[in-house]
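Visitor: I would like to learn how to read a model such as this one, feature by feature. Could you take me through the general idea each time, and then the case at hand?

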Amino acid sequence: MRSLRYSINVTLDGCVHHEAGSPPDEESMRYWTTEMARADALLFGRVTYEMMESAWRKPITGTWPDWMEEWEIPFAETIDRAKKYVVSGTLSRADWNAELVQGDVGPAVQRLKQEPGDGLWVGGVTLPLALADLGLIDEYEFVVQPVVAGHGPILLAGLRDRIQLALVGRHEFRSGAVALRYRPAADGLSVGQLP
């Protein structure tokens with residue numbers, strides 16, 4: 001059974017807007033490239049899928065745009081070639097190596113998790129909230145940015161029930177950001193058992 005990992009950048013005050021944190025740098029892009037490559041497939045809601053596609057889909061010319069830094073290309077190539085599942089009730093089709101997931105999200109994602117492989121990765125705001133409410137997320141990865149946004153969407157706002165988590169890993173960046181990995185407490189290690 002594949003595990004489902006939710007990863008997102010978040011400010012110190014909980015904002016998860018994609019422009020609220022520190023701008024990406026070479027170190028953070030290398031980190032995200034490695035993390036994304038660990039998954040068999042990416043799972044997005046419609047909004048996140050469309051945002052990621054507009055930024056990271058390889059142009060038809062086969063050449064990455066001039067605005068892209070050399071150190072962003074490995075991330076772009078990783079996300080571009082990754083298998084993607086898009087949860088949407090409004091899209092009629094998805095391309096960019098993507099397959100639509102329609103209907104009841106709980107059973108659909110449970111079926112994806114039951115397939116063999118290394119794992120699934122989910123990003124975004126709305127879909128992960130629904131998956132957390134259903135108890136389908138096996139690992140949470142929050143890259144905490146050294147920024148106080150003071151506004152914007154808040155991490156897992158509206159969650160029905162409290163989720164107790166256990167810290168299972170951390171990574172500090174030169175920028176002051178810290179990646180914290182958690183598992184639901186029943187499955188997690190204690191802080192003293194950090195790898």
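Visitor: Is L156 buried or exposed?

Guide: Buried means a relative accessible area under 20%, exposed means over 50%, and partly exposed lies in between, with a 1.4 Å probe and protein chains only. At 15% relative accessibility, L156 therefore counts as buried. L156 is found in the loop between strand 6 (139–145) and strand 7 (165–172), where helices (H or I, at least four residues) and strands (E, at least two) are DSSP runs numbered from the N terminus. This is a predicted model, in which local features need pLDDT of at least 70 and side-chain atom pairs count only at pLDDT 80 or more, while totals for chains, interfaces and linings use all residues. Residues are numbered from 1 along each chain as its sequence is written, and side-chain values use heavy atoms, with hydrogens and water left out.

Visitor: What is the phi of L156, and which value does W96 have?

Guide: Most residues other than glycine have a negative phi. L156, which is not a glycine, has a positive phi of about 50°, and W96, also a residue other than glycine, has a positive phi near 60°. W96 lies in the loop between strand 3 (83–87) and strand 4 (98–101), and W96 is buried, with a relative accessible area of 4%.

Visitor: Which residues of helix 3 are buried, and what do they pack against?

Guide: An α-helix has 3.6 residues a turn, so residues three or four places apart point the same way. In helix 3 (residues 73–81), the buried residues are I73, F75, A76, T78, I79 and D80, and the buried residues of this helix pack against helix 1 (26–37), strand 2 (41–45), helix 2 and strand 3. From helix 1, T33 touches P74, F75 and T78, not counting residues up to four places away in sequence, and T33 counts as buried at 14% relative accessibility.

Visitor: How many helices and strands does the whole protein have?

Guide: The protein has five helices and eight strands, which run β-α-β-α-α-β-β-α-β-α-β-β-β from the N terminus on. The radius of gyration, taken over C-alpha atoms, is 17 Å, close to the 16 Å that the globule rule (2.2 Å times the number of residues to the power 0.38) gives for 195 residues, so the protein is as compact as a globular protein of that length. Buried residues make up 45% of the 195 residues.

Visitor: Where is confidence lowest and highest among the elements?

Guide: pLDDT is the predictor's confidence in each residue, from 0 to 100. The mean pLDDT of the protein is 91, and 95% of its residues reach 70 or more. Confidence is lowest in helix 2 (residues 46–56), at a mean of 93, and highest in strand 6, at 97. Over residues 188–195, however, the pLDDT is below 50, and this stretch has 14 contacts in the model beyond near neighbours in sequence.

Notes
Contact = heavy atoms within 4.5 Å.
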